[in-house]
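Hi,

Here is the model we talked about, with my notes below it. Have a look when you get a minute.

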Amino acid sequence: MTNETPKPKTPPKKKTETAKPETDHGIHPLARPFLWLDSKWARRAPFWIFLSAALGLLAWEFFHPRHGYSKWEEIFGFYEIEGFFGFCLAVLAGWPLRKLLWRSEDYYDREGSDD
Amino acid sequence: MIDLLSGLSPAWPVLIAGVLCAVMPWHYARKALMILAPLAAGLFWFLTPQTGVFGVFEAAGFTFETYRFDPLSRIWGLVFILAAFLNGLYALHERDRMSDTAALLYTGAGIGAVFAGDFLTLFFFWELTAITSVFLVWAGRNPSAFRAGHRYLAIHVLSGVLLLGGAILYANHSGSWQFNAVDVNAPGGLLILLAFGIKAAFPLLHNWLQDAYPKSTAVGAVVLSAFTTKLAIYALARGFAGLEPLIWVGAIMTAFPVFYAVIENDLRKVLAYSLNNQLGFMVAGIGVGTALGLNGAAAHAFVHIIYKGLLFMTMGAVLMRTGSTKATDLGGLYKSMPLTALFCLIGAGAISAFPLMSGFVAKALTISAVAQSGQTIPFLILVFASAGVLEHSGIKIPYFAFFAHDAKKRVKEAPANMLLAMGLAAFLCIYLGVNYGALYDLLPFSMEAYQPYSLDHIVGQMQLLLAALFAFTFLVRFKLYPAEVPGVNLDTDWFYRKAGNNFVRWSWKMFDRMMGALGHVRGRIRARLGDRLFNVFSPAGAFSRDIPSGLLAIWTSVLLGIVLLIAYLA
C-alpha cells in the first residue's frame with residue numbers, strides 16, 4: 001500500500017495572455033486576417049494617412065496647376081477646400097438639424113397619426 | 001423565328017412571367033421564371049436589329065407604340081433588364097409568391113414604359129409600375145409598411161392621373177399623342193412635368209421614397225430602388241431635355257438629402273436619401289440638355305442602378321441576418337459578414353466616384369456639362385454634393401454597419417445567391433469604371449472626344465475625396481460627428497402624415513358636432529314651427545275657423561304663385 005499524499009489541486013493556468021480573444025467566436029474565417037482593424041492604431045491611422053495624402057495632392061497641384069471647365073476649378077486647392085468644408089458643413093449642420101427635426105421612434109405610430 | 005421576336009418589346013416576356021408567377025404555387029418554378037424572364041428580355045433587346053418603332057397597333061381610334069427602340073430608350077431598357085436579372089438572383093432564397101409576382105410585373109411595366117412611343121402606352125405602363133410596386137412595399141407585412149404602401153400608391157396614382165390629364169390637354173393642342181419633347185408652356189405641359197417630377201422625387205415631392213422603400217423587405221427595397229425613379233428620369237430626358245430650371249431643381253436635389261442622411265439612423269433610409277441625391281445629378285444633366293449633359297444623365301442612371309442596387313442588397317443581407325438596419329444596432333459586422341462588407345465597400349467606392357469605379361466615369365459627364373453651361377452656383381452645389389455622397393453612402397453605410405463599434409452580432413454570412421448577385425453587381429461597378437468604353441458606347445450621343453481619365457480630373461476628384469475623408473476622421477477624432485440616435489426625422493411627409501391627418505380628423509369631428517347641433521336646432525325649430533303651423537292651418541286651426549283649408553292647400557297656392565311669377569318674369 002502506498003502512502004501517497006494527494007497532491008494539492010492547483011488551479012488551471014489562466015490563459016488570459018495566450019487565449020484567443022472572446023470575439024473570435026463566430027468570426028468568419030475570411031475576416032480573421034483583418035481583426036487588426038479593431039486595434040487602436042488602425043483606428044487612428046486614417047487621420048494621418050488622409051491628411052498626408054490630401055497635403056500631397058495639394059503640393060502636386062502647386063506644381064501642376066489645373067485647367068478646368070469652370071474658373072472656380074482654377075482656384076488653388078478648390079476641390080480640397082470644397083471637400084473639407086463641404087463635408088464639415090454637412091456633418092456639423094446635423095447638430096442643429098437634429099434638434100429641429102428629431103422625434104421619438106413612435107412619433108407617427110401614436111394614436112391619431114399616420115393612418 | 002428571330003424575325004418574329006425582333007419586333008417584340010422586351011417587356012412582354014417579363015410581364016408574362018409575372019402573370020405565370022401569380023398562379024404558380026411551386027417555388028422553384030417561380031424562381032426559374034425570375035431568372036429566365038430577364039434573359040428572354042435581354043434576347044429580345046439584342047435581337048432588335050436597328051432603331052425604330054415596333055409593336056404598333058390600333059385600338060379605339062388610337063395608335064399604340066409599344067416598342068420604340070432608339071438610342072435613348074436602348075440604354076435604359078438594357079439596364080432595366082440587367083437589374084431584373086440581378087434582382088432575380090438576389091431573390092432566389094425568398095419564398096413569397098406575392099413578392100415574386102409583383103417584382104416581375106413591376107419590372108415588365110418599367111421596361112414597357114421606357115419603350116413606349118406614345119403617351120397612352122406610357123400612361124398604361126406608368127400606372128402599372130405604381131399598382132404592382134406597391135405590393136413590394138406591402139410585402140413588409142407589418143402595419144407600418146401597410147400604411148406606407150397606401151400613401152405610396154396614392155401619390156403614384158396621382159402622378160399617373162396628372163400624366164393622363166396633361167397628355168390629353170397636350171395632345172389636343174399638338175394634335176399628336178407621340179411622346180417626344182414636350183413644350184412646358186403648352187397646355188398640359190406643366191402637368192406632365194409635375195407627373196414626372198413626382199416619380200423622380202423632386203424636392204418637396206420626394207418623401208414617398210424615404211417613407212416607402214425602407215419599409216419594404218430585403219428583396220423588395222432592392223427591386224424598388226431600380227425602376228420607378230429611373231423611369232421618371234428617362235421620361236424627363238425624353239420630354240424636357242434642356243429645360244433650364246431643371247438644373248436648379250437637380251442641384252437642390254443633390255444637396256438637401258445630404259443633410260438628412262447625416263442625421264438618419266436607419267441605413268436603408270440613408271440609402272433612400274442618397275438615391276434622391278443621385279437623381280439630382282441626372283436631373284441637372286437633363287436640365288443642361290447638351291449631348292454631354294444627356295449622356296451624363298444616361299450614364300449616371302445606368303451605373304447608379306447597379307451600385308445603388310448593390311448597396312441596397314448589402315443592407316438587405318444585413319437586415320436578413322440581424323433583423324435591423326439601424327446604425328445604433330449595428331457595427332463590427334465585417335467579422336461575420338466579410339464578403340458582404342467587401343461588396344458594400346465596392347458599392348460605396350462606386351457611388352463616391354473613386355477612380356476606376358463606375359461612378360467616376362459617369363458623374364464626370366454631368367458635372368462637366370454643368371460647368372460648361374456656365375451655371376456657377378449649381379456647379380458648386382454639385383461639387384459639394386459629391387462630398388456629401390461620400391459622407392452618407394461612401395462612409396456612413398459601410399462604417400456604421402460593418403465597422404465602427406462592435407455590436408457583437410455574430411451572424412451567418414449572406415446566402416450564396418445573395419452573395420452571387422452582390423458579387424456580379426460589384427464586378428460591374430469596377431468593370432464599367434475600368435472599361436468605360438463599354439458604357440460610353442451605349443450612350444445616346446457619341447463620346448469619342450471625351451476622356452474621363454485626364455490627370456486634372458483624377459487629381460481633382462481625389463483631392464475632393466481625400467479632403468472629405470480627412471474631414472470625417474477629423475470630426476470623429478474631435479467628437480464633432482453627431483452620434484447615431486434612434487428616432488425619426490421630420491420631412492415633408494409630416495404635412496400629410498401628421499398635420500393633414502390631424503386636420504382631417506379635426507374637421508371630421510367638427511362636422512360631426514356641427515351636424516349634431518344642427519339636428520338639435522332643426523328639431524326644435526321644426527317642433528315650434530310645426531306647432532304654430534298646426535295651430536294656424538290644421539282643420540282645427542285658426543285659418544280653418546272661417547275658411548276650411550288644410551296645410552296642403554296653402555302650399556299648393558304658394559307653389560302656384562311661384563310658377564305664375566316665374567312665367568310672368570320669363
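First, a term: a cavity here is a set of points, on a 1 Å grid over the protein atoms alone, where a 1.4 Å probe fits but cannot get out, and lining residues have an atom within 4 Å of a point. Volumes are the space filled by probe spheres set on the points, with grid points joined across faces, edges and corners. This is a predicted model, where local features need pLDDT of at least 70, side-chain atom pairs count only at pLDDT 80 or more, and totals for chains, interfaces and linings use all residues. Residues are numbered from 1 along each chain as its sequence is written, chains are lettered from A and ligands numbered from 1 in the order in which they are written, and side-chain values use heavy atoms, leaving out hydrogens and water.

On to the holes. Searching the whole structure gives two cavities of 30 Å³ or more. The largest holds about 60 Å³, and its lining includes Val14(B), Met34(B), Asn87(B), Leu104(B) and Val223(B). Helix 3 (27–47), helix 4 (71–90) and helix 5 (97–114) of chain B are the elements giving two or more residues to that lining; helices are DSSP runs (H or I, at least four residues), numbered from the N terminus.

The second largest cavity comes to about 40 Å³. Helix 13 of chain B gives the most to this lining, with four residues. Lining residues here include Asn87(B), Ala226(B), Ile305(B), Gly309(B) and Met313(B), and by class the lining has six nonpolar, two polar and no charged residues. (Ala, Val, Leu, Ile, Met, Phe, Trp, Tyr, Cys and Pro count as nonpolar, Asp, Glu, Lys and Arg as charged, and the others, Gly among them, as polar.)

Now the packing. Helix 10 (residues 218–239) and helix 13 (residues 291–322) of chain B pack at about 165°, axes 8 Å apart. So helix 10 of chain B is roughly antiparallel to helix 13 of chain B (angles over 145 degrees, taken from 0 to 180 between N-to-C directions, with axes fitted to C-alpha atoms over the stretch in contact).

Lastly, helix 16 (residues 376–402) and helix 19 (residues 455–477) of chain B pack at about 55°, with axes 10 Å apart. Among the residues meeting there are Leu390(B) and Tyr399(B) from helix 16 and Leu465(B) and Phe472(B) from helix 19 of chain B.

Cheers

How values were computed: Angles under 35 degrees count as roughly parallel, over 145 as roughly antiparallel, 65 to 115 as roughly perpendicular and the rest as oblique. On a 1 Å grid over the protein atoms alone, a cavity is a set of points where a 1.4 Å probe fits but cannot get out, and a pocket is an open set with protein on both sides within 12 Å along at least five of seven lines; lining residues have an atom within 4 Å of a point. Contact means heavy atoms within 4.5 Å.
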